[in-house]
Amino acid sequence: MKAIVLTGRSLAQGRAKERKFSEEYMKASTACEVDPDDLESLGIQAGQNVRLVNGRGSVVLRAVKSSQAPHRGMVFVAYGPWVNVLMDPDSDGTGMPTLKGIEVEVEPAPDEEVKELRSLLREHGPKGG
Amino acid sequence: MGEGRVIGNVVCPFCGCCCDDLELTIDGNAVVSAKNACALSQAKFESALEERALRPRERANGGFSETDYERAIRHSAEILAEAKYPLLWGWSCTSCEAQSVGVELAEEVGGVLDNTTSMCHGPGLLAVHDVGESTCTLGEVRHRADLIIYWGCNPAHAHPRHMRRYTVQSEGRFRKGRGERKMIVVDVRNTATARMADEFIRIEPNGDYEALAAIRTCLKGEELEQEVIAGLPSTRFEKLADELIDCEFGVLFFGLGLTMSKGKSRNIDAALSLVRDLNSKTKFLAMPMRGHFNVTGANEVFAWQTGYPFAIDFSQGYPRYNPGDTSGVDIATRGDCDAALVVASDPISNFPREAAEGLASVPIITIDPHETPTTSASEVVLPSAMVGIEAGGTVYRMDGVPLTLRKVLEPPEGVLQDAEILSAILREVRDVRGGAIGHAR
């Protein structure tokens with residue numbers, strides 16, 4: 001399914017943002033809010049995992065039924081290193097990377113695991129972990 | 001809990017609302033309750049001691065070894081003094097006093113000084129340079145505003161007390177409460193804030209510029225040629241334009257929905273131009289929903305001292321300002337910097353991955369109270385006291401009103417404040433450079 005990703009602050013992510021290695025932060029930052037009709041189209045249930053892919057990378061996140069529907073073709077993920085795998089650093093001459101409105105492909109990934117933060121960071125290079 | 005020490009009138013160090021009516025109950029050296037605090041603020045105060053960086057450390061043999069401040073500061077100074085183009089990043093979650101030392105340090109090492117503005121409302125400041133800004137304090141909003149627009153922001157999650165203290169739910173001198181104010185939300189999703197509004201206008205993603213331009217067209221009395229604009233019938237914008245004109249004192253609060261999506265600075269340009277146009281018909285003002293509690297202070301301090309609010313390049317020996325070129329994410333993505341000083345920020349988490357990888361490839365010195373992905377990727381880690389909890393200082397609220405943060409807890413034993421650490425690094429840099437003046441090498 002093609003979708004647009006929005007990132008932003010959520011209350012849960014904001015509450016945990018100074019405890020980056022906590023379960024609370026991981027849970028808040030890896031929740032991918034999906035429109036209920038899109039969940040059905042994907043053939044998955046809330047709580048199962050999805051993979052978001054674009055030309056910059058791919059990341060596995062936990063699908064959550066959106067409370068802010070309807071927004072078919074749009075998913076929301078709180079700010080964090082997981083969703084930043086997909087974000088475009090090009091600032092269009094403003095200094096601001098594009099962190100909202102990024103196009104991705106959303107695929108069911110019920111058998112794949114959401115990476116734990118340290119594992120994700122190791123991909124940033126030898127010092128990342 | 002009942003026997004704890006109570007401290008009143010505490011300023012919150014979370015978001016740009018800087019609520020100054022918190023009442024904290026302290027038991028021992030911990031906050032056990034935070035009256036008047038929102039959910040974000042409560043979590044910050046009550047978990048202040050969790051995931052703390054407690055001892056200075058340096059990278060050694062593929063891992064870290066603990067050291068003392070003296071050695072870590074000297075090592076930091078050597079890295080910065082030797083770097084050709086260091087990036088000094090962060091600054092929005094520390095005090096104005098620390099920010100001021102940061103300016104001096106950036107000039108001394110000939111680096112780039114950028115605060116997190118460039119990843120939040122930086123595009124808005126670019127628009128302010130072009131268009132100007134009709135604005136006011138939040139106090140004026142509370143007392144006078146009868147129309148509040150939240151565009152591209154969700155204060156119910158990001159600024160939880162904004163509506164209660166300053167806008168629709170506040171009790172002002174001339175506007176007594178929710179019944180005397182109208183609230184309109186423009187967003188791409190039916191957010192918690194949108195559900196509280198009198199009107200929710202759902203536009204399609206990346207349709208903000210188009211929507212703002214449509215309203216401006218209607219205000220000028222011109223007809224809209226398209227039938228559908230930003231996913232809505234054009235008649236919806238005609239109605240909205242009439243509603244904006246009909247208010248006595250309107251305020252447009254805009255969020256990162258405008259600055260982070262397609263159009264970026266041009267979206268804010270359109271929003272500020274709309275507000276300017278509205279002032280020919282009624283009273284209308286605009287204000288960005290600033291995120292970090294002292295990002296406004298970083299803009300103020302940097303602008304006083306260098307002439308520019310963010311993305312300031314000292315590599316030529318004088319301040320240059322060219323966001324898109326001299327801004328943190330761009331520099332890290334291009335791989336231009338050869339060292340970084342990060343103060344009270346976590347760019348390895350917050351930058352797009354390509355930029356984070358670029359940053360992680362150079363020696364990073366991090367001054368931060370907490371363990372973060374950025375401290376994990378650092379060459380030197382200097383733990384600091386939490387500003388607004390374990391250290392006082394000056395901050396600027398989102399409307400530019402300065403407030404004084406209070407120290408309510410003792411920092412962990414031996415942990416220094418940001419301003420102290422930065423001053424010590426500056427002294428050491430000067431020592432390493434053997435008395436060379438400024439950035440000249």
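**A walk through chains A and B**

Let us start with one residue: B:Ala311 has 29 C-beta neighbours inside 10 Å and so counts as buried. A residue is called buried when 20 or more other C-beta atoms lie within 10 Å of its own, exposed when there are 12 or fewer, and partly exposed in between, with C-beta atoms placed from the backbone. The model you are looking at is predicted: local features need pLDDT of at least 70, side-chain atom pairs count only at pLDDT 80 or more, and totals for chains, interfaces and linings use all residues. To find your way, note that residues are numbered from 1 along each chain as its sequence is written, while chains are lettered from A and ligands numbered from 1 in the order in which they are written.

You will find B:Ala311 in the loop between helix 12 (295-306) and strand 15 (312-313) of chain B. Helices (H or I, at least four residues) and strands (E, at least two) are DSSP runs, numbered from the N terminus. B:Cys18 is another non-glycine residue with a positive phi, here about 45°. B:Cys18 is placed in the loop between strand 1 (5-10) and strand 2 (22-27) of chain B, and it counts as buried because 25 other C-beta atoms lie within 10 Å. Over in chain A, a cis peptide bond with omega of about 5° joins A:Ala69 and A:Pro70. A:Pro70 belongs to the loop between strand 4 (57-65) and strand 5 (74-78) of chain A.

Now for the overall layout of chain B. Chain B is divided into domain 1 (5-46), domain 2 (57-117 + 293-432) and domain 3 (122-288), with bounds that come from an automatic or database domain assignment. The C-alpha centres of domains 1 and 3 of chain B lie 30 Å apart. Six residues of domain 1 of chain B are in contact with six residues of domain 3 of chain B; contact here means that the C-beta atoms of two residues, placed from the backbone, lie within 7 Å. On the domain 1 side there are six nonpolar, no polar and no charged residues. For these classes, Ala, Val, Leu, Ile, Met, Phe, Trp, Tyr, Cys and Pro count as nonpolar, Asp, Glu, Lys and Arg as charged, and the others, Gly among them, as polar.

Strands 1 and 2 of chain B run antiparallel and are joined by four bridges; two strands pair if DSSP finds at least two bridges between them. In this pair, B:Val10 stands opposite B:Leu22 of strand 2. Strand 2 of chain B also pairs with strand 3 (residues 30-35) of chain B, in the antiparallel sense over five bridges, and there B:Leu24 faces B:Ala34 of strand 3. Strands 2 and 3 of chain B form a hairpin with two residues between them, and B:Gly28 in the turn has a positive phi of about 65°.

Further along chain B, five strands form an open parallel sheet in the order 10-9-8-13-14. Its edge strands, each pairing on one side only, are strand 10 (199-202) and strand 14 (283-288) of chain B. Neighbouring strands of the sheet are turned by 15° against each other on average, direction ignored. Helix 11 (residues 265-278) of chain B packs on this sheet, touching strands 8, 13 and 14, and its direction makes about 160° with that of strand 14. For such angles, axes are lines fitted to C-alpha atoms, for helices over the stretch in contact, and angles run from 0 to 180 degrees between N-to-C directions.

Where do the two chains meet? Their contact takes 55 residues from chain B and 44 residues from chain A. Helix 15 of chain B gives the most to the chain B side, with six residues. That side divides into 22 nonpolar, 21 polar and 12 charged residues.

Finally, look at B:Leu341, found in strand 17 (residues 340-343) of chain B. B:Leu341 counts as buried because it has 28 C-beta neighbours inside 10 Å. Not counting residues up to four places away in sequence, B:Leu341 touches B:Leu80, B:Pro86, B:Leu88 and B:Ile365.
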